[in-house]
Amino acid sequence: MNHVLGTSAAAVRSAPLLLVDLETHEGVTGHAYQFCYTAAAAPAIMGFLDDIIEAVGHATLSPADLWATLSRRYRLIGVQGIVRMAMALVDVAGWDALAQAAGLPLARFLGSAPRPIPAYNSNGLGVMPIGALVDEAEELLAAGFRGLKLRLGYATLEEDLAAVRAVRQRIPDEVALMVDYNQALSLAEGIRRSHALDEEGVEWIEEPIRHDDFTGCAEIAHAVSTPVQIGENFSQVYDMQKALDAHACDLVMPDLERIGGVTGWQRASTLASEAGLPMSSHLYPEVSAHLLAATPTAHWLEYVDWMHPLLAEPLEIANGLAVASDRPGLGLAWNHEMVARYAMRGAGALRADAV
């Protein structure tokens, strides 16, 4: 990673990524990748990929049907964690293959014209000393981004406010500033600090408390005027529906893997539209640029550059807008020289396509 992602819980310095090629019998190959959080997860995901291909390798490539079939297959162990991660990879690669076969970019294949999506830079701006923080904020705006995300969760509210004010003073007024607590606070402290942030003009307050405490999130959303953002930890649309039923948030930002790939994203998009909630993305900007173009309540795209060196054609950011590839499918093509350079070594079952 070009910038350390320092959250209230940990400092993340590298991104373990698993790249997948899904070969169809017609000769079309779909591509997908996944952020594994820890390198140890990749071999486990690959084990389930082998099991999935054994189960549905000769089935018609219909992602929604495959998701339903695999959900039944894994009902007893649950479509969570490693299982869901493997299923999401197959789903995304399947949609890529279908769009390629149709000769259309995925956004157009889903019924929408590709269009530029407002993007905020989420590389860095972790919990760090103020001097380094403001310098990094200026650096992250270099590509013309219209928004930045700042991680909070310092030891005291006063330190949180000092970080927000220092960055706000260094960046132009028109640049949106999102803040993310990464689930760092208790409910009482979440309400206290969120109230204080009401005076700072931030775009949203993200995951102030435990991600699955929808009742607590609803209390915060009701108590403060700044929008509360959650969703990266929704496990399929069932979690999202629970959050919406609890009025737990003002905004949603599903994660491509956790929500259930492209198939799950489409269902989540429908829920957000019916609830009238703006919907942003979490990670996976190359895919999210297509999906947000087909999302009625599309809001912001979260941009990270982790895949940049591994792609033959990285996602383009122009004047702060993400421009999805106009190639058929997702436009994902590996830079094989860089994939080989970054390939994990000594990882047992990992093949050269895990980086």
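**Close-up 1. The largest nonpolar core of the predicted model.** This core comprises 112 residues. Those with the most contacts inside it are Ile45, Leu148, Leu150, Leu152, Ile230 and Val252. Helix α3 (residues 81–102) supplies the largest share of this core, 11 residues. A second, separate core is made up of seven residues, among them Tyr120, Trp204, Met253 and Trp300.

**Close-up 2. The surroundings of Ile230.**

**Close-up 3. Packing of helix α7 (residues 187–197) against helix α8 (residues 214–223).** The axes lie 10 Å apart at an angle of about 25 degrees; the two helices are therefore roughly parallel to each other. The crossing of α7 past α8 is right-handed. From α7, Leu187, Gly190, Ile191, Ser194 and His195 meet Gly216, Glu219, Ile220 and Ala223 of α8. By class, the residues of this contact are four nonpolar, four polar and one charged.

**Close-up 4. Packing of helix α6 (residues 157–170) against α7.** The two axes come within 11 Å and cross at roughly 30 degrees, which makes α6 roughly parallel to α7. This crossing is right-handed. Leu157, Asp160, Leu161 and Val164 of α6 meet Arg192, Arg193, Ala196 and Leu197 of α7. Five nonpolar and three charged residues form the contact, with no polar residues.

Methods: Residues numbered from 1 in each chain as written. Predicted model: local features only at pLDDT ≥ 70, side-chain atom pairs only at ≥ 80, totals over all residues. Heavy atoms only, no water. Core = buried A, V, L, I, M, F, W, Y, C linked by side-chain atoms within 4.5 Å. Buried < 20%, exposed > 50% of the residue type's maximum accessible area, 1.4 Å probe, protein only. Helix = DSSP H or I, 4+ residues; strand = E, 2+ residues; numbered from the N terminus. Contact = heavy atoms within 4.5 Å. Axes fitted to C-alpha atoms, helices over the stretch in contact; angles between N-to-C directions. Parallel < 35°, antiparallel > 145°, perpendicular 65-115°, else oblique. Left-handed = near helix turned anticlockwise from the far one by under 90°. Nonpolar A, V, L, I, M, F, W, Y, C, P; charged D, E, K, R; others polar. Lists of a residue's contacts leave out its neighbours within four places in sequence.
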